[in-house]
Amino acid sequence: MSAPRIRIDLEKIRHNTRTLVERLAKRGIDVTGVTKATVGSARAGAAMLSAGATGLGDSRIENIEAMRRLGMTCPMTLLRSPMLSQARRIVESANTSLNTELEVIDTLSHHASQSERVHAVVLMVELGDLREGLMPGDLSHAVREALRLPYITLRGIGTNLACHGGVVPDAEKMSELSKLADSIESEFGVHLDVVSGGNSANLDWALGTHDTGRVNNLRLGESLLLGREPLHRHRIDGLHTDAVTLIAEVIESKVKPRRPWGNTAQSAFGDQPAIAPAGFTVRTILALGHQDTDPSGLEPPEGFAVLGASSDHLILNSRPPCLPVGSEVCLGVNYSALLRAMTSASVAKSFD
Ligand SMILES: *Cc1c(COP(=O)(O)O)cnc(C)c1O
């Protein structure tokens, strides 16, 4: 098989999804499986659905369209606020989109009317992380406007925390969201089907509380794929952290001095190499680099350390023996390494 390759273990993704779906169901919360880190992999999405996710979410319409072309008919949510220029495509392929701009919702309605569909929107509320969201004081006006549009249905409200400002989705933030849901319902006499509390960073809160209030949905990507919660990157109890791994081939493995010799200046990526201790070590080069992944997000096997990387070379340090040239090394990935590997044309994708 070709290397480097990203290996996705669908059974482990199913296990991770099933475990979280069951734990969250006890708290009245359903799961939207988020495929964006797999660049809209229909197989990863299907694994999430078969394990109880009620629909899929992705941040890019191109990924949703690709999954539709492969015959996926499940509910699909566009997670990133729609580009105005893509409104027609969004109405055609996504059932629901998360929105913050009235002009966009108006345009979605226009395209929905032309194709005689109804497009569902979830209004996103800013609760302090300062990425997307309507300011809470502007929510009521946005609801009023959205309710006027005949080809738009207001499915609910949501929020997204811990993505830009690192603001934690705690009990206080979630209760603020619940109160907003209640107040919109009493002001407009509508029922909000969805109160979407956030992403994998909400799991600490959701699994630790007995009062989830009105929150009845989470949009989960990282936790299903990597088995970790993103606030502290702790492993979630009972989940696999190796459902996705990156495999690379050894192109050199030799005993070499630890310390470079000669006059030193900047390295390929502008770092000033640290002074290494004296002595000798096994240095193994993998055919893998910045072009394929984020080297700082790799976890080498036990006994190995990543010494550095350039565009196409990853250097590992270990005790003897040297590794055979042509053998393969399996590395763990974090979110950033996963995303870049999935996006890289030079990394093969394999599923088992
Ligand atoms: C990426 C994203 C998610 C999923 O985040 P994870 O941390 O991978 O669970 C949820 N909601 C929105 C709006 C997103 O952009």
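How much accessible surface does the protein have, and what percentage of it belongs to carbon and sulfur atoms? The accessible surface comes to about 16400 Å², of which 50% belongs to carbon and sulfur atoms, where accessible areas come from the Shrake-Rupley method with a 1.4 Å probe and, for residues, only the protein chains shown count as cover. The structure is a predicted model, in which local features need pLDDT of at least 70 and side-chain atom pairs count only at pLDDT 80 or more, while totals for chains, interfaces and linings use all residues. Residues are numbered from 1 along each chain as its sequence is written, and side-chain values use heavy atoms, with hydrogens and water left out.

The secondary structure comprises ten helices and 16 strands, taken as DSSP runs numbered from the N terminus (helices: H or I, at least four residues; strands: E, at least two). Of the 352 residues of the protein, 49% count as buried, a class defined by under 20% relative accessible area, with exposed meaning over 50% and partly exposed the range in between (1.4 Å probe, protein chains only).

The ligand is surrounded by 13 residues, the closest being Lys-36, Ser-200, Arg-219, Gly-221 and Glu-222; a residue is near the ligand if one of its heavy atoms lies within 4 Å of it. An oxygen atom of the ligand lies 2.7 Å from a polar side-chain atom of Lys-36, and an oxygen atom of the ligand is 2.5 Å from an N or O atom in the side chain of Ser-200. In the side chain of Asn-160, an N or O atom is 3.5 Å from a nitrogen atom of the ligand. Taken alone the ligand exposes 390 Å², and the protein buries 94% of that.

Across the whole structure, 13 salt bridges are found, each being a side-chain nitrogen of Lys or Arg within 4 Å of a carboxyl oxygen of Asp or Glu. One of these joins Glu-328 to Arg-5, with the closest N and O atoms 2.9 Å apart. Because Glu-328 lies in strand 15 (residues 328–333) and Arg-5 in strand 1 (residues 5–8), the pair ties together parts that are 323 residues apart in sequence. Glu-328 counts as partly exposed at 38% relative accessibility, whereas Arg-5, at 8%, counts as buried.

A salt bridge also links the side chains of Arg-89 and Glu-62 (3.9 Å, N to O). Arg-89 lies in helix 4 (residues 87–93) and Glu-62 in helix 3 (residues 61–69), so this pair ties together parts that are 27 residues apart in sequence. Glu-62, Glu-65 and Arg-89 are linked in a network of salt bridges.

Technical notes:
Polar contact = N/O pair within 3.5 Å; in protein donor to acceptor, adjacent residues only side chain to side chain.
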